[in-house]
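This briefing covers one protein chain for a reader who works with coordinates.

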Amino acid sequence: MSGWEPSDWNSGGGEPQSTVDLANDGDGFMRSSECSPIFSVDTLERNAAKGHGLVTDVAAGNNVLLVGTNKGWIVRHDFLGGDTLELDLSARGIEQWIPKVFIDPGGRHSIFSVCSSATADTYYLHGKWRKPRMFSRLKGSTVSSVGWNRAQINEAYTREVIIGTTSGQIYETAVEEKDKKEKFCKLLFELTEAPEPFIGLQMEVVTVGSTTRYFVMAATPSRLYIFQGTGSLEAVFKAYSEGPPHFTELPGEIPNSELQFYGKQRRAERFAWLSGSGIYHGHLNFGNAQSANHTHDEESNVEHKWLLEYSKLMDGSGTPKPLSLALSEFHFLVLMNNILKVVNRVSQKVVEEQRFDSRSDLGSPTMLGLCSDMAGGAYYAYDENSIFEITVQDEGRDMWQVYLGLKEYTAALEACREVWQRDSVYAAQAEAAFDAKDYERAASFYAKTATVATFEEVALKFVTVGEQDALRTYLLRKLDFFGKEDRSQITMVATWAAELYLDKINRLLLDVKKEKKADASEGSNGNSEYLNTVREFRAFLSDCKDILDETITFKLLGSYGRVEELIYYAGLKEQHETLIHHFVQQGDAKKALAVLRKPSVSPELLYKFAPALIMLDANETVDAWTSTGLNLNPRLLVPALMRYSSEPRPRDEPNAAIRYLEFCIGRQQNQDGAVHNLLLSLYAKQPDDTALLKFLEARYGKGRMEGPDYFYDPKYALRLCLEQKQMRACVHIYGMMGMHEEAVALALQVDPEMAKVEASKVEDDEELRKKLWLMVARHVIQQGKATKGENIRKAIAFLKETDALLKIEDILPFFPDFSLIDDFKEAICDSLEDYNRQIEELKRDMNDATLGAENIRTDITALSQRYAVVKRDETCKVCGQRILASKGAQGAAGAARSYTSTVAPFYVFPCEHAFHAQCLTDYVLQHAETSEKERIRGLLRQITSLAFKEANARSAKSAYNGHNAETDTVNGNMSPMDKIRAQIDDAVAGECPFCGELMIKEIAEAFISSDETEAVTSWSIGSAGNGSLPSTDYMV
């Protein structure tokens, strides 16, 4: 068995002493002199038996009290507002009494026995009944204890109930309210060797999945039995009966042995057995009921068993043993005659006493017992006439002191409710650890206190004993408990802790050096401690970077010579300039560039340290500059690039500056002239001009809407290339600047083929192009060193390269005067033949032109005689009226024309569609595009204005000299009126609107325009309004 057995009890020890000063409170009860006792007693019911004899027993459940009397009466008090039930169960002429009564925790089911000198009958009473029902199968047995199935019982059904009798039997029964009788009643267990009454029963049922586990605790005056198992109660007790006896026996005599329980939420948590040797109590744990298969083993569910000897409850010798017992969360309520002793379960000391003294109105009552209501959280005491209620007020308020006195610090902290209480517990733990020289642990506890000891006192304690490590631990832990308003204190404490760290690190470093000198093998432990302390200090700096004063911390780190930690702290504080400066001094460009790559670093630092970094490691620096995370301005890096390029380096080492500039121009499309000039200068200084020529030919600005084709300064480029003797590049630059003559002249000095290429580039100036080719020709002819015949053949071949731009007569002057004509015979003949072919082609072209002009005159004559026949009944395709009907002039077009007949102007198309001029104009205006509409309307306004002006001018001129506008028309000069009329005819009647492009465009237009929504709505069947028609479904 685990826990404490009776033999394990040690009466000595350091429990806190308790002195109880008792005083009369004025209402007949003796209480402690403390102002607010935890337990107080008040009279609840003075006439508990209602005049039906004397009270023999009381049971409570859910604020319902069941009272049995010595005359066979049952009185049921419902303090929740129900009626009091009084039942007479005695037979006439026979003396009967009720020794014990039992009620379930819910106050709905009751069991009791009515005894006489001859027999005993057991009854069941439901809370709704007015009359009990007898257990027929328990005839002659007196019930001494009942165990309810608290987990499963409900108002209508008791579920399994176990009943103990005075003769040592345990029965199982169940009663359902609607049946009015027990469902069954079977014997589970019987004491045969030493029959004793079962004075207490408790049953707990645990269901896990489909398995139901039973735990039953039963007590007799001298023995405590535990039954547990799975399946059914019958199987559990059968297994116990078949095995060896197993029980806990505590010998001794006691007038009234009891087994009491305390629990919450329908499950018992602790038990207390009032035995002959003392109060045997323990904790019930059903958490592991499913794991172990302990059929009879008490150890699986009963823990922390203890025996409280009665001697601890007695004030002196001769004090009688307890009469009754009740169990609360932290205390035992023990009734000894007329005194109620409250014993703390943890300290096992009497903490309060309540005395039931004699009163004039009560006589001399004799206290009979105690009962508890676990569901209602109430306790009751009773005598032969009255019931007293024991009220509990804040039972756990002093438990922290009890646990603290027993040095159970964890439990004491859990019981604390105020800050000062927790401080007292932490202070006690700290003092105990300090006395035991466990300074690190003491420092942790001291840091948690806020009111017991001051900061200075605690710090001085550790300084006095020379424990700097413990002091540092105290400071670090204290930082966790400062508030945000203690900013200055936090900074000072953190700075002190930092200095203690540095002092320890330096001391450990000295020890490591000494140990290495003495014995290298012995230095490993010190070195390990040193490294761990450094790591711990760095973690401290990381955690406290925002509370440490930056200036003081830098000075502190510098004064202790901790450069690495100083750099680490600078990184935490984002002092990037300090970090980069340090890495540059150390020659570690990679680390410096790693700092510069951080998003929080200002680009100004990169520009500032660019000259130093590119000199340290050019490739790594350029890699960093070209990384995607940096958006740099190359112009600001030009000084660094120029400094790098000016320094000598191995011939096989690539120029990192060129690589970066190529990235800026090629990848980033940089247009800065300074950047382009620098790259060009670097290219020009290279012996190989391939890269230079490629750069010049690239023209990075070509194809842009605005701006030049190149961004470098061509004059600077030309001057630089001339200095560096890059003649091919100079030729290219001359040509790019439009100085083609200079380009060809220089190219002839370098490569005649290059001169030919430059001459071919001129396309828009034929004269200049010919001049350039003549320069090349002069050079080819005059500089040739071959024989005369070969020079002539070269000249003839050169003429073919010019694509007939030059003729033989153009290059003849370049030959010496004494050259023989025979050498040019073939070339001259070819030239004359070419001229002859050109003359013949010109003759053919002239004949073709003459024939074309004749055809045009013929077509004009035919067109002037072309006509169309309009039938008399032909109608306008727009308005539907006849074309030849008499009608006034329509619109501006009609008003502008002078017709002798009354027929309105009209148009007839080859497709035989005819329209009135006004109708066609309106139709085209309606369907044409917006811009075309505006143009037509403008023409109409102009012709109207001109018609009015010409009418006035004609009348004036006719009166003066008889001249009219028709004379100009006859002479071939069109008047402004005719010109505008021709434009209107072209815009309106250029093609038939029904057969031309206008009709094709109308296919894409909506059938119903946006202006016709009202017309569409008027045709809607379900439109809103008084005349709307209901929708109708039609079956097709």
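Is Tyr225 buried or exposed? Tyr225 is buried, at a relative accessible area of 3%; buried means under 20% relative accessible area, exposed over 50%, and partly exposed in between, with a 1.4 Å probe and protein chains only. The model is predicted: local features need pLDDT of at least 70 and side-chain atom pairs count only at pLDDT 80 or more, while totals for chains, interfaces and linings use all residues. Residues are numbered from 1 along each chain as its sequence is written, and side-chain values use heavy atoms, with hydrogens and water left out.

**Overall make-up**
- The protein has 34 helices and 33 strands; helices (H or I, at least four residues) and strands (E, at least two) are DSSP runs numbered from the N terminus.
- Of the 1036 residues in the protein, 42% are buried.
- Among contacts with a separation of 6 or more, 53% are between residues 24 or more positions apart; contact means heavy atoms within 4.5 Å.

**Aromatic pairs and charges over rings**
- The structure holds 33 aromatic pairs. Rings of Phe, Tyr and Trp (its six-membered ring) pair if their centres lie within 6.5 Å; planes under 30 degrees apart count as stacked, over 60 as edge-to-face and the rest as tilted.
- Tyr225 and Phe247 form a tilted pair, 5.4 Å centre to centre with 50° between the planes.
- This pair links distant parts of the chain, 22 residues apart: Tyr225 is in strand β19 (residues 223-230) and Phe247 in strand β20 (residues 247-249).
- Phe247 is partly exposed, at 28% relative accessibility.
- Phe434 and Tyr439 form an edge-to-face pair, because their planes stand at 80°, with ring centres 5.1 Å apart. Both Phe434 and Tyr439 are buried.
- Ring pairs join Phe189, Phe198, Tyr225, Phe227, Phe237, Tyr240 and Phe247 into a cluster.
- The charged end of Lys461 sits over the ring of Phe434, 4.5 Å from its centre. The criterion is NZ of Lys or CZ of Arg within 6 Å of the ring centre and within 35 degrees of the ring normal.
- The charged end of Arg133 sits over the ring of Trp129, 5.3 Å from its centre.

**Helix α14**
- Helix α14 (residues 603-616) has 14 residues and should span 20 Å at 1.5 Å a residue; its end C-alpha atoms are 19 Å apart, which agrees. The expected span is 1.5 Å times one less than the number of residues.
- α14 bends by about 55° at Ala610, and Pro611 follows within four residues. The bend is the angle between axes fitted to the seven residues ending there and the seven starting there.
- The buried residues of α14 are Leu605, Leu606, Tyr607, Phe609, Ala610, Leu613 and Ile614. Their cover includes α12 (576-586), α13 (589-596), α15 (618-625) and α16 (634-646).

**Glu172**
- Glu172 is in strand β15 (residues 169-176) and counts as buried at 6% relative accessibility.
- Glu172 and Leu188 are 16 residues apart in sequence and 6.5 Å apart in space, C-alpha to C-alpha.
- Leaving aside neighbours within four places in sequence, the contacts of Glu172 include Glu160, Phe184, Lys186 and Leu233.

**Positive phi**
- Most residues other than glycine have a negative phi.
- Asn63 has a positive phi of about 65° and lies in the loop between β4 (55-61) and β5 (64-69).
- Arg159 has a positive phi near 55° and lies in the loop between β13 (143-147) and β14 (161-165).
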